[in-house]
Structures are given as structure tokens and as C-alpha cells.
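Open the model in your viewer and keep the selection panel at hand. The tour goes stop by stop.

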Amino acid sequence: MSSAISTTTEQDALLRAGIDRSLRHPVMFFLTSGAAWLAVSIVLGIISSAKAHAPGFLSCCSWLTYGRVFPAHINAFIYGWGFQAAFAVIIWMMARLSRKECTAAGLILVAGHVWNLGVFLGLVGILSGSSTGMPWMEFPAFAWPVLLASYFAIVIWSFIQFRVRPEGHVYISQWYLLAAIVWFPWIFITANTLLHCLPGHPVMAAGINAWYKSALTFLFFTPVALGTAYYLAPKITGQPVYSYSLAKLGFWSLAVIAPWAGMQKLAGAPIPYFLPYVGAAATVMLFVPTISAAINLLRTAISSPEILASSPSLRFTLAGIGGLILLACSAVVLNLPDSTLPLTQFSLSGYGFEILALYGFFSFVMFGAVYFIVPRVTRREWLSRRLIKIHFLFSVYGIMAVALFAIFGGFEQGIGQEDWQQPWQNAASRAYPYAVGTTIAWCFILFSNIFFFIHLALMWLRLGRRSQHPTLFDAAHGHASSPHGEEGDIDNAGPGYISAH
Amino acid sequence: MSFRTFILGLSASFGVAWLAVIVVPFITMRNLAPIQLSEATDGTTGIFFPKRTGRVADGARVYAENGCYLCHTQVVRPTYAGNDLYRPDWGGLKADPDRGDTRRETNAYDFFGEKFAQIGVSRMGPDLSNLGRRVESNYAAGKDPSIWLFTHLYNPRLDPQLWQSTCPPHHFMFTKRKITGNPSEDAMPFGNADEGTELVPTPEAKALVSYLLSLKKDQAVPAVLNFSPAKAKGSAK
């Protein structure tokens, strides 16, 4: 009996090691180039943020003007970092959960390079003055078919893996990943064909663009991050998911509510009146799916506090869940028609909300996944606990500052905007100190991510520690309470490890 | 739940919303019917067709490429959605010498000639729906309105009233060149040009200024679009 168990465990370990090996290069390529784009995006973010309160800063040449640097910043963040981190997580988690090795690593790598080329050319297009002028879709029109084709070439294998997996239980993470895989092309094709190919009414075009921003956030980035968190939290703590019914509620309520959200940004604009109200109502109701997922994940994770204290992956993931809770609350607070929506509609709050969703929630969960996945696919451990700590602390404080400055600054600004008896300058003056604060906070984030990028690049070069002991925050706990299993039983090492040396 | 049911569920939950908020409104708005004016209520016949003059398509492109929409909006919200209409010069002019109070909210016919309505992301700067009207009547009253706009593009803080503005300078929209022969008619009266040189706007700057001057969305609207008929009656006199 015991020998049978050990054979299955060994077979499992072999299978996991095989999956990790088959995906090493695509995963590391996406993560490293994503981290590089993240650094680029943050530098652009600092420049644009500084320009928001010091307009003379770097005003020498056309490509550094605020109106081009800011779109470059947000597009580099979304398509450079966000999507590539999501790709890495989707292909790795789907292979692990479907227990299938990846057979198309070469093709995925090629498609990944094409994606990067598309992002690069798109950014050059924005900076050289060929932006389309549609928020989050500023890449010149040539870019979207390139991105779409490489998207299919990257994720189609995960879809196939799911279809040919051995029969068995479908895990929550797989629901979320499949949903993201299906929804994204639908959203992307809809928005791009309606805005670039089929001429419609200009105001409706603006409405579709607002919907695209919201749908991308809540129907691609959110499900990918939630799927990842549902993988990491139980896996690292070794506890089952707290409640499956809560997970189901969270998933299906997201699916039903999120596609309606977004058009509240056009409240008062001449589009059919129900659209902004439906958008506002749906955004407020997003509280339900986000909070049910957040509670479920928190209840799962806090069941083992000592692992929470020592595991970098879990720490980042839970910080992301914290961001999700803030996001859920601000979705309610910012979007109440007749009270807060008129204040926040055209203020800094919108940016704060986007950054909270993309960085405070999505990116933190992605960092958690990076700290979990990379040692497994490279078979090396992270070099330095201190580097991870710097990354964590500066990111958390930095991003909370950016999001809160922007959201509260936006309220201040909105109050000034609505106060029509005062001169217009009043509104701008109210926002000014918050804009300065945002710039400083971005500098902290840049600082943290430079270390992250260097650390990750060293790991890709396979310069990580050759050890069977994972890099944890709390060395005093020893390895007995390792979140990655008993000492010497780390996936990372794999069964071939000892014989190979 | 089988895979088929799952995918069906995903498609249904997304598809219903997709049809309701994207596809159907897109088709409806695309086929927006022209409004017939009636003699009884509008005092004239024909169809409602707000005219715009200027390089609208060109200028809108420059506006988009340089990210003006990040800080300026182009929508005057009705009073249920915000206080834009109360500002004295956003929805029109509070006291136009000829037409009285011309302020009104933005309507769906105001974006004629543009592919994408630049509703805007935030209001770091003021709304531009009636910028052309405002520049002509207030900022540059009695002067050349395009010079005021060129000055604003070159450096917004050159206007002493706007010393706190955080709008970026757009020096790249102007060329400093040596005067050969007669000075250019387009030469700017500012920009501390040295002796023998002149500052001229690029074609982009000219298109943008022409577009900005075309922003005069305060024409009288037909009765069916009018949210404040009482005011219309008062000013009709």
C-alpha cells in the first residue's frame, strides 16, 4: 500500500517537473519582458505624473509631451506588463491544473515575441504622435490585429489542454482562467471593430471605449488574478478552499454583473439614458463578486498564520486581496449617481481606481504568482529575502499612496469642479497637492520594481540559488514549516535532481 | 456542470449584456434620424443640422494624437448629472449680446464630422465644448482669437491670468526660422524671437486652432431636444 502511494507521489512529481520544464522558456520570457515593460511604464508614469503639476518638466520635444507620455504609460502597463504576466500565469496554471505538458512552447515563444513587437511598435506610434485618442486603445490601428493573433497563438494551447485533460474535478481557478480566455477576445474584437472598422455615432464610440476599459479590467484582469489567488492560497497553506458555494457565487455574479459596467463615465453625455445608469449600477454591484472572492480567499489563507508570515507568494497574494477589497469599496463609493458620480466622473479618481485595479489588485497577485512559479520552472531558489522584502514594502506603500492620493484628490477636485460659483482654477488648485503626492509615490514603486526586475532577470539566467530550501521571509521558523512542503520534498527540485548531480 | 453548459453560461451572461449595452445601442445611434424642424415650435422648417466651420477632421486628429482629451472634456452635462450648465461660459454664454443666454447641454448632433467624440477622461482643465465661442467673446474680445489660442498652445502661462495653469507648453507645434525675404504672415507676435527670426505655427498647430475655434456648441436646438423650453421662450422675444 505504502509503496503504491510513493509511486503515485513520484509520478506526480515527475509529471509536475515535466510540465514545468516544458514551459520554462515561455513563462520566463513573459515574466521577464513583462517586468521590463513594467519598469518602462513606471518611468513613463513618473514623467507624466510630474508633468501634471510641473508642466515645464521635460517639455523640450514632442514625444515627451504629457498627452503622449501618459497614454504610453498606461498602455505599456496594460499590454506590456499586465497581459504578459497574465499569459505566463494562464499557460502555467492551466498546464498544471489540467496535468498536461505543453507541446507548443516554441510557438508560444514566437507569438510572445510578436506580441512584444506589437506593443513596442504601438508605443512608438503613441510617442511619435499617431495615437488614436481612445483611452486604453491608443495604439495605432495596425497594432490590434497583431495583438489579437498572437493572443490566440498563446492561449489556445491552454484551452486545448483543458479539453484533453484526464477526466476529473474542475478547479475554481480553471473556471476563472477559461472565462478570461473566452471573454477577452470577445471584448477586444467588439471594441476594435466597432471603433476602427465600422463607423458609428461618435458619442456611442466613446461609450464603447468606456465599456472596453471596464470590461478589460473586470472580465480579463480580474478573473485571471482571482484564478491565480484561488490557486496560490490553498496550495501554499495546504488548506482546502474555505467555501465552494461562495466561490460559485463570486464567479457567476462576476459573469452576470461585470459586462454591464463601464458607461457611467458617460453620465450626462448624449447616449441612451439607461446606459450610464446601468453602468453605474453594475459597477456598484461588482461589490458582490469581489467581496465574496476576497472573503473566501482570506478565510482560506488565514487558517495558517505562520505560513502567511513566511511565504512571499502568499504575502503578495494577500496584499492583492487587500487591494481587491479597497477596489470593491471604491467601486461603490465612486459611482453613486446623483451624489458621488458627478464629482468623480472627470476627476483624478478614475485614474486612482484604474491603478488600484491594475496594480493594487491584479499586479500584486501576479507578483505572488511570480514568486511561486519562477523557482519551479527554473529549478533555482530566489537569491535574496531582502530583495523580495524591498519589493513588497515599497510596492505596497507606493501603490496604496498612488491609489488613495488619486481617489481622494479626485474627490477634492470634483468638489471644486461642481462649485460653479468659484473660478475654475479653484478645482485645479484643490487637486494640485495630490498630484505632487502621486509623483512621489510612483518613485517608490519604481525603486521597488527595479529590484524586482533585476532579481527576476538573474533567475531567468539561472543564477538563482541551487538549494532545496525556498527563500522565505522568516528564517527563524526553519524549514520545517516550509510552505512548499516538507524539506527535501520541493517540486522545484524534482525527482531527477539528486541523480543529476 | 459539463464543459458545454459552462461555456454556454459564460456566453449567455456576457452576451445578453453585450447585446443590450453595445450592439443594440450602437445600431440605434448609428441610424440616428435627422430631426425635422417644425414651423410651430422652432420657427423654421427643414432638418436640424448644426453647422461647423473649420478643419474639424484634421484638428480632431491632432487633438487626439496629443492627448488633449486627458485633461479637457467636451461634454456639458444636463443638471441631473452635474453643475456644468451653471458655469457662465461652459454651455454657451450667459449673456450673449445678441442672443441672450445661449447655454445648453451637449446633444448627439454636436459631434458632426468627428469619428470619436472626445468626451474626455478628466477635467484638469476646463470643458472645451464652447471654447471657440468663449475665446471670441471673452478671452480675446476684440482681438484675433486664433492668436490667443496659438499663445495658449505655445505656453499657457504666457497669459497672466493663467499663471497657475498646468497645461503643458507645445513648443514643438511651432518652428523658429530665419526670415528670408518678407516675414511670414503667420509669424507669431510672441515667443521672444531674436532679430531676423520668426516663430511660425506648424500645419498641425493651425489645424488644431481651427478645430478649437469650431467648438461652438450653443446653437438653438429644436424643441424636441430642448431641456429648458422656458428659457427658449424667454430669449426668443
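**Stop one: a helix in chain A**

Select α7(A): its 14 residues reach 20 Å from first C-alpha to last, close to the 20 Å expected at 1.5 Å a residue. That expected span is 1.5 Å times one less than the number of residues. Helices here are DSSP runs (H or I, at least four residues), numbered from the N terminus.

This is a predicted model: local features need pLDDT of at least 70, side-chain atom pairs count only at pLDDT 80 or more, and totals for chains, interfaces and linings use all residues. Residues are numbered from 1 along each chain as its sequence is written, with chains lettered from A and ligands numbered from 1 in the order in which they are written.

Now colour the buried residues of α7(A): A:Ala247, A:Gly250, A:Phe251, A:Ser253, A:Leu254, A:Ala255 and A:Ile257. Buried means 20 or more other C-beta atoms within 10 Å of a residue's own, with C-beta atoms placed from the backbone. What covers them? Show α5, α6, α8 and α9 (287-301) of chain A, and α1 (3-30) of chain B; the cover includes these.

**Stop two: the contact between chains**

Show both chains. The contact takes 63 residues from chain A and 55 from chain B. Two residues are in contact if their C-beta atoms, placed from the backbone, lie within 7 Å. On the chain A side, α6(A) gives the largest share, 7 residues. By class, that side has 40 nonpolar, 20 polar and 3 charged residues. Nonpolar means Ala, Val, Leu, Ile, Met, Phe, Trp, Tyr, Cys and Pro; charged means Asp, Glu, Lys and Arg; the others, Gly among them, are polar.

**Stop three: a helix pair in chain B**

Select residues 131-139 (α4) and 145-154 (α5) of chain B. These helices pack at about 105 degrees, with their axes 9 Å apart. So α4(B) is roughly perpendicular to α5(B), a label for angles of 65 to 115 degrees. Axes are lines fitted to C-alpha atoms over the stretch in contact, and angles run from 0 to 180 degrees between N-to-C directions. Show side chains: B:Val135, B:Glu136 and B:Tyr139 of α4(B) meet B:Pro145, B:Trp148 and B:Leu149 of α5(B).

**Stop four: B:Leu93**

Centre on B:Leu93, in the loop between α3 (56-65) and α4 of chain B. Is B:Leu93 buried or exposed? B:Leu93 counts as buried because it has 23 C-beta neighbours inside 10 Å. Beyond four places in sequence, B:Leu93 touches B:Thr102, B:Arg133, B:Ser137 and B:Asp218.

Definitions and conventions: Helices (H or I, at least four residues) and strands (E, at least two) are DSSP runs, numbered from the N terminus. Angles under 35 degrees count as roughly parallel, over 145 as roughly antiparallel, 65 to 115 as roughly perpendicular and the rest as oblique. A residue is buried if 20 or more other C-beta atoms lie within 10 Å of its own, exposed if 12 or fewer, and partly exposed in between; C-beta atoms are placed from the backbone.
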